[in-house]
Each structure stands twice: as C-alpha cells, then as structure tokens.
Amino acid sequence: MTPPLKNDIQVIDIEPFLSGSTDKQLLEKIDRICSETGLFLVTGHGIDENLIDEAYAVSKEFFNLDESTKARYCKPDGSFLGYRGLHTLQASTKRKTVPDKKEVYTIGADDRGSNGKKALEGQPWPAELPAFEGILTRYYRELNKLSLGLSRLFAQALGLPAEFFKRRSDRSVSYLVTFNFPAEGETIPGQVRFAQHRDRDLFTVLTTNAPGLEVKDRQGRWYPVPVQPHAFTVNIGSMFTQWTEGRWTAPLHGVRNATLEETHDNRQTLTFFFNPNAEVKLSPLSVEDGDNINIGAPSDGADAEPQSVSDFLSSAWDLYRIME
Ligand SMILES: [Fe+2]
C-alpha cells in the first residue's frame with residue numbers, strides 16, 4: 001500500500017481536466033499552489049506506465065556503460081545535449097561550488113532557436129543501445145504532449161485563454177534530462193546529489209524512483225517531496241515567475257544525499273523542462289492578453305523591452321546557484 005503523503009505537497013488527479021472538464025475549484029487550487037509552493041504531484045496524466053519503465057531501464061543501461069564509451073556521446077561544441085559525467089556538473093555555473101554527485105544525458109531542443117525536431121535529429125545517440133533513441137524520443141514527445149495539456153491548465157488558472165501558452169509552443173524549446181544519482185562511489189566533502197537551485201524554464205515535469213527531492217515554499221519551509229511510482233512532480237520555473245511578474249513562485253529545491261537505507265540502488269529521475277517557442281516574448285501577461293487580467297504587481301522593469309524565451313534561457317544560468 002502506498003503510504004499516506006506527509007506535509008502540504010498536493011496530489012492532483014488531472015484526468016478529468018485532460019478529458020475536457022474545467023472545474024473552477026481546480027483552477028483556484030492550481031493558482032494557490034503555484035503562488036505558495038510552486039510544486040505539486042499529478043496523477044491521471046495518461047502517460048503509459050510501461051513507457052516510463054522503459055525510459056528508466058534504457059537510461060540505466062546507458063549509465064552502466066563504461067566511462068570512455070559514455071564520454072563519446074558528449075557534444076563538444078558547448079551544447080548541453082548528450083552525456084555529462086559524474087562530478088562535472090554543479091548547480092551554479094557562476095560560482096565555484098562542489099560539483100553535484102550526478103550524471104546526465106540530455107535530449108531535445110537547445111535554447112538557441114532550433115526547433116525540437118532538428119535538435120532531436122542532431123542528438124549524439126549511443127550506438128551501443130539501439131533501443132535508447134526510440135524510447136527516449138517517444139518519451140520526449142509524450143511529455144511534450146502532457147506539458148501542452150498542463151499549459152492549458154496553467155493558462156486558465158491565470159485567467160488567460162486556455163490556448164495562450166499552447167499556441168506559442170508549436171516549436172517549443174523543451175528538453176528531457178535523464179539523471180543518474182549513483183548509490184555508491186566516492187562522495188566529495190560537502191557534495192550533495194543536486195545542490196539547491198531554481199529551474200530556469202517555464203515549468204518542469206519529472207518522475208523519480210526514489211526519495212531525496214526537497215522543496216522550499218514561499219514561507220521558507222522545506223518539504224520532502226513524496227515519491228509516488230508513475231506520478232509526475234510538476235514545478236514552476238523562473239521563466240514563469242518573470243512572465244507572471246512574481247505572482248507564481250519558482251521554488252528553491254535540491255536533492256539530498258541517500259540515507260543508509262536508500263543506498264541499495266541508484267536514484268533515477270526523468271525530467272522534462274518545458275518552454276514555449278524560442279522567439280516568444282515574455283511580455284507582461286496583464287498587457288499581452290487584455291481582458292480583466294491582473295497578474296502580480298507591476299515590476300520595476302515593466303517598461304523594459306521584454307526578453308524572448310531564448311534570451312531568458314541564455315541569461316538565466318545563474319539561477320542554478322543557491323539563492324537564499
Ligand atoms: Fe531543478
């Protein structure tokens with residue numbers, strides 16, 4: 001039996017919404033959560049559980065390859081697509097911190113304006129694992145579809161037309177990162193699995209097979225994020241905070257080290273970062289779509305030229321530092 005969930009992390013069944021029913025109470029709840037914690041779990045998402053299991057399994061096969069083989073699938077041109085090895089990534093790109101104890105393989109669009117299809121075609125797929133490309137490409141497309149559904153939920157929760165984000169996301173610059181947090185091996189002093197940071201993107205949809213994710217709400221309280229097999233954790237990214245002029249919060253979060261009981265196996269996460277099209281301007285929503293919309297308080301930079309999605313993503317790497 002699944003243990004009862006602790007603390008205030010909400011679990012939302014989105015099946016009725018995805019099937020066409022729009023419940024005002026649900027929209028108010030989403031607005032409240034996104035304003036306070038910026039993170040919730042979803043069930044009823046319609047993603048095939050077998051596909052999730054296959055994505056975990058093929059990722060694990062990849063991470064089990066030897067280091068020199070994996071290193072061949074690291075793109076050398078400064079792109080973040082492909083493999084990045086253990087102890088090479090840190091939560092901050094601008095401040096010296098201890099690197100995280102994680103390795104990753106990233107697929108999808110980069111933020112330099114290429115559309116998803118082109119970026120997927122340019123992917124350094126591992127030749128040793130013929131099933132890897134097919135499974136993760138299918139997973140990417142399914143998660144993009146789910147994210148478009150969630151974007152309709154978010155739009156309505158903000159009082160915007162349901163298709164507001166969807167119609168700006170037909171060439172979305174979204175990407176999928178499969179993470180591996182090894183159970184064993186050396187841990188550098190001060191190292192954690194994923195140091196505290198905020199996500200850059202519009203929102204993030206992830207699933208994991210083990211506990212460890214922790215999130216801080218607007219009141220400064222930290223919560224462990226519960227694990228439900230095949231459920232997705234959805235969290236707001238910094239782009240959404242900027243676009244809503246501070247109304248919605250991109251929560252500070254990180255992954256703590258494994259406890260002794262948890263060290264029997266690696267922790268894996270399949271994380272989909274959703275963004276609209278590269279050229280979309282992050283114009284204040286209250287101005288963009290008119291009609292009785294009052295989103296957040298006007299910011300000091302309200303008159304500045306709005307950034308594009310691409311510019312925001314390029315400039316927001318420092319959000320990966322600890323921001324206290
Ligand atoms: Fe994150």
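Leucine 213 has valine 255 as its bridge partner in strand 11. This is a predicted model, and that pair sits where strand 8 (residues 213-216) meets strand 11 (residues 253-255), an antiparallel pairing that runs over three bridges.

Zooming out, the two strands belong to an open sheet of four, ordered 6-11-8-9, with antiparallel pairing. Which strands stand at the edges? Strand 6 (194-197) and strand 9 (222-224) do, and each has a single partner strand, so one side of each is left without a neighbour in the sheet. On average, neighbouring strands here are turned by 15° against each other, ignoring direction. As for what holds such things together, strands of a sheet pair through backbone hydrogen bonds, either parallel or antiparallel.

Now for the helices. Helix 3 (residues 49-63) packs against helix 6 (residues 130-157) at about 135°, and their axes are 9 Å apart.

| Helix | Residues in the contact |
|---|---|
| Helix 3 | Leu51, Glu54, Ala55, Val58, Phe62 |
| Helix 6 | Ala131, Phe132, Ile135, Leu136, Arg138, Tyr139, Glu142 |

What is the make-up of this contact by class? Between helix 3 and helix 6 there are nine nonpolar and three charged residues, with no polar ones. Glu54 of helix 3 is one of the contact residues, and helix 6 brings in Arg138 and Glu142, among others.

Technical notes. Residues are numbered from 1 along each chain as its sequence is written. This is a predicted model: local features need pLDDT of at least 70, side-chain atom pairs count only at pLDDT 80 or more; totals for chains, interfaces and linings use all residues. Two strands pair if DSSP finds at least two bridges between them. Axes are lines fitted to C-alpha atoms, for helices over the stretch in contact, and angles run from 0 to 180 degrees between N-to-C directions. Two residues are in contact if their C-beta atoms, placed from the backbone, lie within 7 Å. Ala, Val, Leu, Ile, Met, Phe, Trp, Tyr, Cys and Pro count as nonpolar, Asp, Glu, Lys and Arg as charged, and the others, Gly among them, as polar.
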